[in-house]
Amino acid sequence: MDAIPDRVKVAVVGAGQAGLSVAYYLRRFELVADEDFVMLDRAPGPGGAWQHRWSSLRLGTAHKVNDLPGLGELGLSFETADRTMPAKDVVAEYYGRYEEHYGFRVHRPVDVRRVTNDGVDLRIEYRDLSPQPVEELKSRGFFGRRRRTFEAAPPPEVPGGELRTQFLVNATGTWGSPFVPYYPGMADFGGRHLHTSDFGSAEDFRDQNVVVVGGGTSAIGFMLELEGVASGLTWVSRRPIDWLDRQELDLEGASAAVSRQDEAARAGRALPSVVSGTGVPKSRRIAAGIERGLLVAKPMFDRIEEDRVVWDDGGSARADAIIWATGFRPELRHLSPLRLREKAGGVTVGQGAAWQDPRIFLAGYGPQASTIGASRAGRMIARQIMAMI
């Protein structure tokens, strides 16, 4: 990995869809990578959070991936991408070619640990993970997620460094911060607790009793993949599923969800679930799953016992594994020294900027947490930065 500069005008943390979009527009304003701005990414390679998703996921069955700004210049588009390949591989390839084409010089794998004040600048403390074997670091939980109940600490030999910057664009997304709600008896469960970020393959659950928790597209995808593989399959959701009689989310529903996210971000509240405000469109595959009785969610169970989940009416379902498809939270722990979080549980953000500190921008936060939202935010954030440099 090339040396990370000691000081830049702009530091972009995260090289997923939001970070790459910001970098693209910074280049359009003639800022030079590793001179004027620097990109730091914890992942071992290009692809953002997509590189950590399970191999059976295809672009046609996942959330739509919109093109990054300027991707067409490479002759690429996700609209015409190979639907037979794993989505993780397609996105990683496209993002890697995009980074190379525009010369972003992304530094990876670099783990940003803390951001603190340093006079008029911000000081970024990081660890360079590149000297470490990738497989060992994966086993320690460095790539893709930080576990809820334990967080792998860097081995002592991992070299550290510091970087100073005028402006910080935080584009770390949510994949590294999985959310698992607490239910009585969780610690007594004798099987496996897994989150969406832990899911590898349906074959891992062959002939097991599996409980899937969650009301979004990931939970639905797991149910469809595990059908015929697991010996017992139970789906539970905290709220009734709002099925939409259409195959794709319409513009009105998407706009309403974005507005709710924007309202919460501007008020400094914890961000609401997107699916709770948009509903779930019925693709042909989902409609068929509903008709044959697979995709019928039970209400949330009351407690967990050693080998089962139990409802308050005494009913139960056996469980060898519980998959918590319960979403993610923004990954902002490295920003905690800056005290940006409000009492209401979120960070007050408007037009991509943190209202508590005008040097901090949050790309991909709230209403920008989609590929199209991230692309628009990239232009907006880059313009604001250029106005203050």
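A residue is called buried when its relative accessible area is under 20%. By this criterion, 51% of the 389 residues of the chain are buried in the structure, which is a predicted model. The chain contains eight helices and 18 strands. Among contacts between residues at least 6 apart in sequence, 70% join residues that are at least 24 apart. The chain exposes about 18,000 Å², and carbon and sulfur atoms supply 47% of this area.

Helix H1 comprises residues 17-28. With 12 residues at 1.5 Å each, H1 should span 16 Å, and the 17 Å between its end C-alpha atoms agrees with that expectation. Nine of the 12 residues are buried, so H1 is largely enclosed by the rest of the structure. The buried residues of H1 are Ala18, Gly19, Leu20, Ser21, Val22, Ala23, Tyr24, Tyr25 and Leu26. Just after H1, Glu30 takes a positive phi of about 70°.

Two of the buried residues of H1, Tyr24 and Tyr25, also belong to an aromatic cluster, together with Tyr98, Tyr102 and Phe104. Residues three or four places apart in an α-helix point the same way, because the helix has 3.6 residues a turn. Tyr98 and Tyr102 are four residues apart in H2 and are therefore separated by about one helical turn. Tyr98 is buried, with a relative accessible area of 0%, and Tyr102, at 6% relative accessibility, also counts as buried.

The structure holds 19 aromatic pairs. One of them is formed by Trp54 and Phe222, whose rings are tilted, with 4.9 Å from centre to centre and 50° between the planes. This pair links distant parts of the chain: Trp54 lies in the loop between strand S2 (37-40) and H2, whereas Phe222 lies in helix H4 (residues 217-226), 168 residues apart. Trp54 counts as buried at 5% relative accessibility, and Phe222 counts as buried at 0%. Another pair is that of Tyr98 and Tyr102, which is edge-to-face, with 5.1 Å between the centres and 65° between the planes.

Arg108 is found in the loop between helix H2 (87-102) and strand S3 (110-118). Its relative accessible area is 13%, so Arg108 is buried.

The charged end of Arg53 sits over the ring of Trp50, at 4.5 Å from the ring centre. In the case of Arg329, the charged end sits over the ring of Phe179, and the distance to the ring centre is 3.9 Å.

Conventions:
Residues are numbered from 1 along each chain as its sequence is written. This is a predicted model: local features need pLDDT of at least 70, side-chain atom pairs count only at pLDDT 80 or more; totals for chains, interfaces and linings use all residues. Side-chain values use heavy atoms; hydrogens and water are left out. Buried means under 20% relative accessible area, exposed over 50%, partly exposed in between (1.4 Å probe, protein chains only). Contact means heavy atoms within 4.5 Å. Accessible areas come from the Shrake-Rupley method with a 1.4 Å probe; for residues, only the protein chains shown count as cover. The expected span of a helix is 1.5 Å times one less than its number of residues. Rings of Phe, Tyr and Trp (its six-membered ring) pair if their centres lie within 6.5 Å; planes under 30 degrees apart count as stacked, over 60 as edge-to-face and the rest as tilted. A charge sits over a ring if NZ of Lys or CZ of Arg is within 6 Å of the ring centre and within 35 degrees of the ring normal.
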